[in-house]
Amino acid sequence: MGYIRDSIHGDLHLNDFELEILDTVEMQRLRRIKQLGFTNLIYPGANHTRFEHSIGTLFLADKLAKRLGFDSEIQQLLRICGLLHDIGHAPFSHVTERALKHNHETVTKQIIKDSSITDKLSQKFDPELVMNIVDGKTSYGKIISGDLDVDRMDYLKRDSYYTGVAYGVIDTERLIYSLTYDNNELLLSNKGVQAAESTLLARYFMYPTVYQHHTTRIVNGMFRVAIKSMLNDDIIQEDELRYLDDGELINITRNTKGIAQQTIQNIDTRHLYKKTDTIPLTEITNPEKVVNIDEKYLRQAELEIAEKLDIDPECVILDVPEELSFKKMNTKVQTHNGLKPLNEVSPIIESLKKAQYKYADIALFMSKQNKQKAEERNIKIEDYLTLPT
């Protein structure tokens, strides 16, 4: 038995089995992977890690499981799922993910299925079942990965605390006590709609303020170019990233001559790219198609802009923001007229579907010198990128 003092939730109790899982190489690696990547360049306090978020998710999974009246065995299962849900993150979390073929969910399942954790896990749980729950499947999956999951409850509160941004403050207690479980389905009580709205509003505001802050996007875009360069040159292999932490990847980047080394030097000295041109998504008829645009069109536009300016294509970054995805919201609400999807019950959720594009834009990032060239030659994104209609 052991206790860990968490800055968000206080004393977290872990049993001997969980401590064994916690002491594996795969879990300990998460201590050295920042939750928000390079966001500490904008918010200096944002140095928290995937490790503490994973423990926090375990805590909330346990709290919700008890609230829903699950027996001890299911509680323990959901605690472990919360603990392992992010174990597949590459260094710098979501920063590198957009440069890779496989997302962290896929790698997480691979680690649960085939690693040193698998044998330990098999002593008490079916790794296949754990894998499916973490993936949002089975009747318990929405607790870990769903519209109102414990993962989101923890990261919003944690990211808000460490960045000092008040938008992410949510009432996890009220939300947890507004959830029920009936006929193998996670449901929201009618009184819990406001708590759910508050959580989703927090997520909506955290995106432009933290997750998609313009400087965050620039640094992330620069670092992704470095990662792609090293992958293309076989300096690193994608499969290796599950074993590396932030420091190790930075060290490799520092010692790789060319764009990789130059990128790290620029980030170290804050010689960051500048926003050269932008197209607000509110000006586009179908913004939901833009955020899912095929990467090949972005790369082609970057190539054409680079040729026009006679510079290296790696020095041109066209960035499309991530989609918040308020479309589905499949969580059912217990109303006087039976079960209804949350997006039908809440007018705020319907508004967020449209409003999610208000602060988003397609952006062209280049160095200060190249930005000056682009302005002299009147480079506009719309002249090089054919937007979906």
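**From values to terms**

Student: What share of the contacts with a separation of 6 or more comes from residues 24 or more positions apart?

Tutor: Such residues account for 71% of those contacts in the protein; contact means heavy atoms within 4.5 Å. Please note that this is a predicted model, in which local features need pLDDT of at least 70, side-chain atom pairs count only at pLDDT 80 or more, and totals for chains, interfaces and linings use all residues. Residues are numbered from 1 along each chain as its sequence is written, and side-chain values use heavy atoms, with hydrogens and water left out.

Student: How do you know that the radius of gyration agrees with that of a compact globule?

Tutor: The radius is taken over C-alpha atoms, and the globule rule is 2.2 Å times the number of residues to the power 0.38. For 389 residues the rule gives a value near 21 Å; the protein has 22 Å, and therefore the two agree. The C-alpha atoms fill a box of roughly 65 × 50 × 35 Å along the principal axes.

Student: Why is F70 called buried?

Tutor: Buried means under 20% relative accessible area, exposed over 50%, and partly exposed in between, with a 1.4 Å probe and protein chains only. F70 has 11% relative accessibility, so F70 counts as buried. Of the 389 residues, 56% count as buried.

Student: Where does F70 lie, and which residues does F70 touch?

Tutor: F70 lies in the loop between α3 (50-67) and α4 (72-84); helices (H or I, at least four residues) are DSSP runs, numbered from the N terminus. Not counting residues up to four places away in sequence, F70 touches A65, Q75, L78, Y140, I143 and Y181. F70 and Y181 are 111 residues apart in sequence and 9.3 Å apart in space, C-alpha to C-alpha.

Student: What makes I80 buried?

Tutor: The relative accessible area of I80 is 1%, and therefore I80 is buried. I80 is placed in helix α4, and its contacts beyond four places in sequence include F17 and L121.

Student: Which residues touch the most other members of the largest nonpolar core?

Tutor: A nonpolar core is a set of buried Ala, Val, Leu, Ile, Met, Phe, Trp, Tyr and Cys residues joined through side-chain atoms within 4.5 Å. Among the 70 residues of the largest core, M27, F70, L78, L84, V130, L188 and L342 touch the most other members. Helix α12 (residues 193-211) supplies the largest share of this core, 10 residues. A second, separate core of 55 residues includes F38, L272, I311 and A374.

Terms used:
Helices (H or I, at least four residues) and strands (E, at least two) are DSSP runs, numbered from the N terminus.
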